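Good morning, and thank you for making time for this presentation.

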Amino acid sequence: MQEKVNATIIYFSPCNSTRARALEIERQLQKTATVAVVDITKTTDHPVSFVGEMLVVVLPIYNNSLPLPAKEWLQNSELDFRFALICLTYGGVSRGRAMDECAQILNGKNIALASGGFLPTNHCYINKDGDDCNAKDIAVIKTLVDKALSNGALIVKTFIENTLIDKTFADTNLVDKTFIKNTIVNKTLATNTPADTNLVENTPTDNNLLNIN
């Protein structure tokens, strides 16, 4: 039996719509992952430390950006993960720069983006009680989760191979070691992705998914 992925879901949801999407992600991950769910809505002033394999960040978009309390929490917390899924909810008006902000924060912590996308919800100014997931939301979340697990496995595989290279070629000069690493990474990508497909292309499609193949 394949070992389950260790996943942590972090969400910020004053109006419950984002919470509903986070719990749907948890439901879909439970077959293949050991999942912990962390609500930071009322605890953003307490940065913490989390370690695992997969990080799931589920946040709303406020004024084209991440909510400031959630953004500062991400920046100040110690997060040690191999790869991440970012799911952002918005009131159907504008997605702004929030995805880039979140990806940059995680990149600064050496967490690779494996999948990311947007889910339109009721605007919190209109419906403060939020809304539940509909059939389309569930389908989009399934695609996001599947892509995250697939790309995440590739990211972990590459990380392990690079670690082995560092140990095996400890006395090799940096240029040769980098060449060896790049050769393995390129061979892995060629095996797992179509030749004309980029690993990461941050272009939203009509179904609000980032085209991360």
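**Sheet, helices and aromatic pairs**

The model is a predicted one, in which local features need pLDDT of at least 70 and side-chain atom pairs count only at pLDDT 80 or more, while totals for chains, interfaces and linings use all residues. Residues are numbered from 1 along each chain as its sequence is written, and side-chain values use heavy atoms, with hydrogens and water left out.

Strands β1 (residues 5-11) and β4 (residues 54-60) pair in the parallel sense over five bridges. Strands here are DSSP runs of E with at least two residues, helices are runs of H or I with at least four, and numbering goes from the N terminus; two strands pair if DSSP finds at least two bridges between them.

The open sheet has five strands in the order β2-β1-β4-β6-β7, with parallel pairing. At its edges stand β2 (33-39) and β7, each with a single partner strand, so one side of each has no neighbour in the sheet. From one strand to the next, the twist averages 15°.

Helix α1 (residues 17-29) packs on this sheet and touches β1, β2, β4, β6 and β7, where contact means heavy atoms within 4.5 Å. The direction of α1 makes about 155° with that of β4; axes are lines fitted to C-alpha atoms, for helices over the stretch in contact, and angles run from 0 to 180 degrees between N-to-C directions. Helix α3 (residues 98-108) lies across β4, β6 and β7, at about 155° to β6.

How many aromatic pairs does a search of the whole structure find? The search finds two, counting rings of Phe, Tyr and Trp (its six-membered ring) with centres within 6.5 Å; planes under 30 degrees apart are stacked, over 60 edge-to-face, and the rest tilted.

F50 and W73 form a tilted pair, 6.3 Å centre to centre with 45° between the planes. This pair links strand β3 (residues 49-51) to helix α2 (residues 68-76), with F50 and W73 23 residues apart. W73 is buried at 1% relative accessible area, buried meaning under 20% (1.4 Å probe, protein chains only).

Y90 and F118 form an edge-to-face pair, at 6.3 Å and 85°. Y90 belongs to β6 (residues 83-90) and F118 to β7 (residues 112-120), 28 residues apart. Y90 is buried at 10%, and F118 is buried at 4%.

Finally, R95 lies over the face of F118, 4.6 Å from the ring centre; the criterion is CZ of Arg, or NZ of Lys, within 6 Å of the ring centre and within 35 degrees of the ring normal.

Technical notes
Buried < 20%, exposed > 50% of the residue type's maximum accessible area, 1.4 Å probe, protein only.
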